[in-house]
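Trainee: Could you take me through this model feature by feature, giving me the general idea of each term before the case in hand?

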Amino acid sequence: MDKLETVFIVDDDSEFVADITSELENDFRIVSCGDVDGLIDKFNKFNPKILILDDVLSEKNSYSALMEVIRERAENDEFYVIMIAENFGARFRDWVLEMGVSEYLRKPVGIRKLAGLVREYAER
């Protein structure tokens with residue numbers, strides 16, 4: 001596993017971000033964003049291999065644009081998205097999986113479980 005792989009965490013829960021960052025920071029370059037403002041620019045700038053995305057942000061305007069970027073990137077690169085969802089609706093889950101999301105997990109998600117998934121995807 002290459003230490004320089006970037007994991008981009010998009011979540012407005014600063015405690016969760018701190019916990020997963022602490023679990024992963026020795027193995028990955030961690031970039032985080034607490035909201036969707038400037039998200040696509042930051043996403044393109046850091047070119048992450050793995051994106052951890054909170055579904056609560058799906059109510060924001062930039063979300064659809066981000067999903068388009070994810071879809072395009074997933075079709076062309078080794079790129080993985082782990083979406084963490086509070087609301088496990090089947091139609092929304094199906095839509096995001098079609099758009100390129102690799103894993104759709106229900107909250108609460110254990111930090112060690114999530115870190116394990118990140119490491120698994122990083123090794124692909």
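Mentor: Helices (H or I, at least four residues) and strands (E, at least two) are DSSP runs, numbered from the N terminus. This is a predicted model, in which local features need pLDDT of at least 70 and side-chain atom pairs count only at pLDDT 80 or more, while totals for chains, interfaces and linings use all residues. Residues are numbered from 1 along each chain as its sequence is written, and side-chain values use heavy atoms, with hydrogens and water left out.

Trainee: Which pattern does the protein follow when read along the sequence?

Mentor: There are five helices and five strands in the protein, and read along the sequence they follow β-α-β-α-β-α-β-α-β-α. Contact means heavy atoms within 4.5 Å, and of the contacts with a separation of 6 or more, 62% are accounted for by residues 24 or more positions apart. Buried residues (under 20% relative accessible area, against over 50% for exposed and in between for partly exposed, with a 1.4 Å probe and protein chains only) make up 43% of the 124 residues.

Trainee: In what sense do strand 1 and strand 2 pair?

Mentor: Two strands pair if DSSP finds at least two bridges between them; here strand 1 (residues 6-10) and strand 2 (residues 29-33) pair in the parallel sense over five bridges, and F8 stands opposite V31 in strand 2. The chain crosses from strand 1 through helix 1 to strand 2 in a right-handed β-α-β crossover, a term that applies if, with the strands pointing away from the viewer, the path from the first strand over the helix to the second runs clockwise.

Trainee: Which residues does I9 touch?

Mentor: I9 is found in strand 1 and is buried, with a relative accessible area of 0%. Not counting residues up to four places away in sequence, I9 touches F16, V17, I20, T21, I30, V31, S32, C33 and I52. The C-alpha atoms of I9 and I50 are separated by 8.5 Å, although these residues lie 41 residues apart along the chain.

Trainee: Which residues are buried in helix 1?

Mentor: F16, V17, I20, T21 and L24 are buried in helix 1. They cover an arc of only 130 degrees around the axis, which puts them on the same side of helix 1; the arc is that of the directions from the helix axis to the C-beta atoms. These buried residues pack against strand 1, strand 2, strand 3, strand 4 (80-85) and helix 5 (111-122), whereas the face turned away from the buried side carries the exposed residues S14 and E15.

Trainee: Why does T21 count as buried?

Mentor: T21 counts as buried because its relative accessibility is 18%. Leaving aside neighbours within four places in sequence, T21 is in contact with I9 and I30. D19, which is also found in helix 1, is partly exposed with a relative accessible area of 37%, and D19 and I111 are 7.0 Å apart in space, C-alpha to C-alpha, yet 92 residues apart in sequence.

Trainee: Which residue caps the N-terminal end of helix 1?

Mentor: A polar contact is a pair of N or O atoms within 3.5 Å; within protein, one must be able to donate a hydrogen and the other to accept it, and residues adjacent in sequence count only if both atoms are side-chain atoms. D13 caps the N-terminal end of helix 1, with a side-chain oxygen 3.1 Å from the backbone nitrogen of E15.

Trainee: Which residues are buried in helix 2, and where do they lie around the axis?

Mentor: In helix 2 (residues 39-46) the residues L39, F43 and F46 are buried. They cover an arc of only 85 degrees around the axis, which puts them on the same side of helix 2, and on the other side D41 and K45 are exposed. Just after helix 2 comes N47, which has a positive phi of about 45 degrees although it is not a glycine. N47 counts as partly exposed, at 47% relative accessibility.

Trainee: Is K49 buried or exposed?

Mentor: K49 sits in the loop between helix 2 and strand 3 (50-54) and counts as buried, at 8% relative accessibility. The side chain of K49 reaches the backbone oxygen of A122 at 3.2 Å. Among the residues that K49 touches, not counting those up to four places away in sequence, are E5, R73, E78, Y80, Y121 and R124.

Trainee: Which peptide bond is cis?

Mentor: The bond from K107 to P108 is cis, with omega near -5 degrees, and P108 is found in the loop between strand 5 (103-106) and helix 5.
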